[in-house]
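Subject: Structure for you to look at

Hello,

I am passing a structure on to you. Please open it first; my notes on what was found come after it.

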Amino acid sequence: MVEFDQYLGFLAFLTILTIGFWLMIFLLTFVVPYWLGGNLLEMWKERREAKKAKRNE
């Protein structure tokens with residue numbers, strides 16, 4: 001038979017596992033694409049401004 005402290009340990013393990021799973025899903029579906037998109041947009045703006053500055057010389 002499972003004792004109460006083992007049951008609490010199992011519940012803590014499941015809670016941590018579930019939090020980690022949803023955190024990973026959140027990071028992979030929102031944070032990483034947002035970060036990459038922002039970086040690409042900034043690089044594109046910098047290159048466009050460099051071309052404008054070179055053209056205006």
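**Notes on the structure**

R48 counts as partly exposed because its relative accessibility is 38% (buried means under 20% relative accessible area, exposed over 50% and partly exposed in between, with a 1.4 Å probe and protein chains only). This is a predicted model, in which local features need pLDDT of at least 70 and side-chain atom pairs count only at pLDDT 80 or more, while totals for chains, interfaces and linings use all residues. Residues are numbered from 1 along each chain as its sequence is written, and side-chain values use heavy atoms, with hydrogens and water left out.

R48 lies in helix α1 (helices are DSSP runs of H or I with at least four residues, numbered from the N terminus). R48 also belongs to a positive surface patch, together with K45, R47, K51, K52 and R55. Such a patch takes residues with over 30% relative accessible area and no salt bridge, like charges being joined within 9 Å; a salt bridge is a side-chain nitrogen of Lys or Arg within 4 Å of a carboxyl oxygen of Asp or Glu.

T29 is in helix α1 as well, which covers residues 4–55. T29 counts as exposed, because its relative accessibility is 57%. A polar atom of the T29 side chain lies 2.7 Å from the backbone oxygen of I25.

The C-alpha atoms of I19 and A50 are 44 Å apart, and the two residues are 31 apart along the chain.

Regards

Conventions. Helices (H or I, at least four residues) and strands (E, at least two) are DSSP runs, numbered from the N terminus. A polar contact is a pair of N or O atoms within 3.5 Å; within protein, one must be able to donate a hydrogen and the other to accept it, and residues adjacent in sequence count only if both atoms are side-chain atoms. Patches are made of residues with over 30% relative accessible area and no salt bridge: like charges are joined within 9 Å, nonpolar side chains (Val, Leu, Ile, Met, Phe, Trp, Tyr) within 5 Å. Accessible areas come from the Shrake-Rupley method with a 1.4 Å probe; for residues, only the protein chains shown count as cover. Lys and Arg count as positive and Asp and Glu as negative; His and the chain ends are not counted. The place of a charge is taken as NZ of Lys, CZ of Arg, CG of Asp or CD of Glu.
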